[in-house]
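Work through the exercises below with the sequence and the model side by side. Each task is followed by a solution in steps.

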Amino acid sequence: MALWRIRATVEDRPGYLSVLTASLALRGVNILTVQVHTTEVGAVDDFLVDAPDQLTEADLRAAVERGRGRDCWVARSEARGLADQPTRVLGLATRLVRDPEAAGEALRALLGADSVAWRPTPAGPPGGVGATTMLLADPPGGSYELRRREPSFTPAEYARAQALVELAATVARRDADRVTLVLPDSAEVLVRPATTDDLPGVLELHETCSARSRQRRYLSAALPSPARLRRLLEPARGLTLVATADSDGEAEPVVALANLLGEGDEAEVALLVRDDWQRRGLGSALLRRLLGHAERVGYAAVLLHVHAANTPMLRAVRRLDRQTSVDRDGSVLTVTVPLRARRADVTRPADAAVRRSP
């Protein structure tokens, strides 16, 4: 017995698929897996089959045509083809999480493409699925061009490929936001986007901070609930950064938390820095990074709700050297920082050096 892949278009009408499978069965062909790709011209069925050794490509093609299949493509397959499509896609996704630069290789493996090339020009509508060419939009800019002599690309393959490209772009953006800050006193902290896995460290940060520091951050000294902190770690819109310090090989403690929470065309910023890390430039550095992110994604302004007695935060705002407006409601000040839309890869704080983390 030998493994083959067969792809053919079948009328999307009751009974037509059974006619094709019956025709294959008459030649002793065992269907191992089948995927259905819906297209405008009918259902494209992709089979992995086990066929008697004496059957040739021409024999299989004839069996498909007798079963009312058209636009038939037949090719020998390998044992790895026995892995189902969801398993293969998950494996490729795992690879991209480890190495987002491998997007081209993942696309080639996913679709069996003859060539994959990145172009600086956008893909453009309507997505670029053609007989032998597929164009995929690269979210940071540009596009991927895939070519395959046969079989023709399908919309289902386009959707899978575009999802992989977007995953790679998301991981790359997360890695790009991972930096080591060198503070003015030469201390180093790792700054990266937060995840819900950081919840234990963030809880410890809040428990370690003084009541005064928590009061300045939340306008209340009470400890926020774990549920609230979990929502802050991965906001629906915005960005949360954590800063961790080296701890001689032990688990790196979270020494600061910085939140950018978006609503409409504005975003609110808030910081919490552990008491022994205050007055060292860390808060100012985090504030500048959040403002840089807010500008890159297109927010019109950033708001800070600050207690009038929160001198360190007001000092950090002045260090931004930006135009601001201040509204007062009792003891609470609302500082508005207008933003100008721009595109940048790295925001470099004036009071901290930035080094990319490996």
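**Exercise 1: a salt bridge and its hairpin**

Glu145 is joined to Arg147 by a salt bridge whose closest N and O atoms lie 3.3 Å apart, a salt bridge being a side-chain nitrogen of Lys or Arg within 4 Å of a carboxyl oxygen of Asp or Glu. The model is a predicted one, in which local features need pLDDT of at least 70 and side-chain atom pairs count only at pLDDT 80 or more, whereas totals for chains, interfaces and linings use all residues. Residues are numbered from 1 along each chain as its sequence is written, and side-chain values use heavy atoms, with hydrogens and water left out.

Task: determine whether Glu145 is buried or exposed, and which strand pairs with strand β7.

Solution. Step 1: the classes are buried (under 20% relative accessible area), exposed (over 50%) and partly exposed in between, with a 1.4 Å probe and protein chains only. Step 2: Glu145 has a relative accessible area of 14% and is therefore buried, while Arg147, with 39%, is partly exposed. Step 3: strand β7 (residues 143-147) pairs with strand β6 (residues 133-137) in the antiparallel sense over 5 bridges, where pairing requires that DSSP finds at least two bridges between the strands, and where helices (H or I, at least four residues) and strands (E, at least two) are DSSP runs numbered from the N terminus. Step 4: opposite Arg147 in β7 stands Thr133, and in the hairpin of β6 and β7, with 5 residues between the strands, Gly141 takes a positive phi near 135°.

**Exercise 2: salt bridges between elements**

Task: state which parts of the chain are tied together by the salt bridge of Glu295 and Arg322, and which parts are linked by that of Glu105 and Arg95.

Solution. Step 1: in the bridge between Glu295 and Arg322 the closest N and O atoms are 3.0 Å apart. Because Glu295 lies in helix α9 (residues 282-297) and Arg322 in the loop between α10 (311-319) and β14 (325-329), the pair ties together parts that are 27 residues apart in sequence. Step 2: Glu295 is buried at 0% relative accessibility, whereas Arg322 is partly exposed at 22%. Step 3: the side chains of Glu105 and Arg95 also meet in a salt bridge, at 2.3 Å from N to O. This pair links distant parts of the chain, with Glu105 in helix α4 (residues 103-111) and Arg95 in helix α3 (residues 85-98), 10 residues apart. Step 4: Glu105, at 47% relative accessibility, counts as partly exposed, and Arg95, at 34%, counts as partly exposed. Step 5: the salt-bridge count comes to 14, and Arg5, Arg7, Asp46, Arg148 and Glu157 are linked in a network of such bridges.
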